[in-house]
Amino acid sequence: MLFAIDVGNTNITVGLFDGKTLIKQFRMITQTSRTSDEYGVFLRQWLAINSPEAKIESVVVSSVVPNIMHSLTSAIIKYFDVKPLIVAPGIKTGIRIAIQNPKELGADRLVDAVAAYEMYGGPAIVVDFGTATTHDLVLEDGTFAAGVTSPGIRLAANALWRGTAKLPEVEIKKVDTVLGTDTVSSMQAGIYYGYVGQTEYIINKMKKESGLDGIKVVATGGLGKLISEATDSIDIYDPELTLHGLRIIHDKQK
């Protein structure tokens, strides 16, 4: 079986695959202070509880947090006796990166692009609602052509209440009207509908400037479902997109 591990700025997401089937998945908070033993024991315990018969034969990792990679990699080798495949420049992905400096492209964005292209075809705009929100353009031939980066929903919301003296922390959720009648509802309306509007504008702008027809828009990420339900600009919401991208990249190395 395969462990697919995506290390993000906020969470580490782990998926257990049997062939192409995602059996189980879980998340833990990303912390740079964990030791290799802490990672190893946690992964072992989780596996023993959720799939005690599973034998991990391969591990693939993408990461945008370099500081934890030594501990995490050491844990995988020590506790599973497997050398992990790290998503990095030089591995086979099936995606040609056509931006000015390909090495600047985050592993998470590459993995999402691979998954969207292989599973849904191109051209496509891949939107990941993570710590940062990214909109990436993948052409019909699998070329990663361009991207847009903006603050994530939670990051922007945190800046709102932490940067002001009297505004409270509020739940990020869908509200029925943009016409807020108190402080909390006005903030929720601004965060929610502001982000829906940003998403629609960026997608429409990317479609117009690329001049491409038939672009699919594929979204993923924690709050992606919340936004995708409010707009017709997103065609597909796939919360497991990144994990499947890791699986696809792993399989391509064979």
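Two strands pair if DSSP finds at least two bridges between them. Helices (H or I, at least four residues) and strands (E, at least two) are DSSP runs, numbered from the N terminus.

## The six-stranded sheet

By that rule, 6 strands form an open sheet of mixed pairing, in the order β6-β9-β8-β7-β10-β11. Its edge strands are β6 (96-97) and β11 (236-237). Each has a single partner strand, so one side of each is left without a neighbour in the sheet. V218 has I236 as its bridge partner in β11.

This is a predicted model: local features need pLDDT of at least 70, side-chain atom pairs count only at pLDDT 80 or more, and totals for chains, interfaces and linings use all residues. Residues are numbered from 1 along each chain as its sequence is written, and side-chain values use heavy atoms, with hydrogens and water left out.

## Strand β1 and its partners

β1 pairs with β2 in the antiparallel sense, through 6 bridges. A hairpin of 3 residues connects β1 to β2. V7 stands opposite I12 in β2. β1 also pairs with strand β4 (residues 58-63), this time parallel, over 6 bridges. There, I5 has V61 as its bridge partner.

How many residues of β1 are buried? The count is 6 of its 6 residues. Buried means under 20% relative accessible area, exposed over 50%, and partly exposed in between (1.4 Å probe, protein chains only). L2, A4 and D6 point one way from β1, while F3, I5 and V7 point the other way. Residues on both sides are buried.

## Nonpolar cores

A nonpolar core is a set of buried Ala, Val, Leu, Ile, Met, Phe, Trp, Tyr and Cys residues joined through side-chain atoms within 4.5 Å. The largest one has 25 residues, and V87 and L246 touch the most other members. Elements giving two or more residues to this core are β1 (2-7), α3 (107-120) and α7 (241-252). α3 gives the largest share, 7 residues.

Contact means heavy atoms within 4.5 Å. Not counting residues up to four places away in sequence, L246 touches A4, I5, D6, V60, V61, S62, V87 and V111. Another core, of 24 residues, lies apart from the largest one. Its members include I12, M28, L47 and V61.

## Pockets

Pockets were found on a 1 Å grid over the protein atoms alone. A pocket is an open set of points where a 1.4 Å probe fits, with protein on both sides within 12 Å along at least five of seven lines; lining residues have an atom within 4 Å of a point. Grid points are joined across faces, edges and corners, and a volume is the space filled by probe spheres set on the points. The largest pocket holds about 880 Å³. Its lining has 40 residues, with D108, D128, G130, T131 and A132 nearest the centre. β9 (143-151) is among the elements that supply at least two lining residues, as are β7 (124-129), β8 (132-138) and α4 (153-162). The largest share, 5 residues, comes from β9.

By class, this lining has 13 nonpolar, 18 polar and 9 charged residues. Here Ala, Val, Leu, Ile, Met, Phe, Trp, Tyr, Cys and Pro count as nonpolar, Asp, Glu, Lys and Arg as charged, and the others, Gly among them, as polar. The second largest pocket holds about 180 Å³. It is lined by 14 residues, and A88, P89, I97, L105 and L110 are the closest to its centre. That lining divides into 10 nonpolar, 3 polar and 1 charged.

H135 lies in strand β8. Is H135 buried or exposed? H135 counts as buried because its relative accessibility is 0%. Leaving aside neighbours within four places in sequence, H135 contacts R109, I125, V126, V127, A146, G147, V148, T199, I202, I203 and M206.

Two loop residues have backbone features to check. P123 lies in the loop between α3 and β7. The peptide bond from G122 to P123 is cis, with omega near 0 degrees. D81 lies in the loop between α2 (69-80) and β5 (85-86). D81 is not glycine, yet its phi is positive, near 55 degrees. D81 is exposed, with a relative accessible area of 70%.
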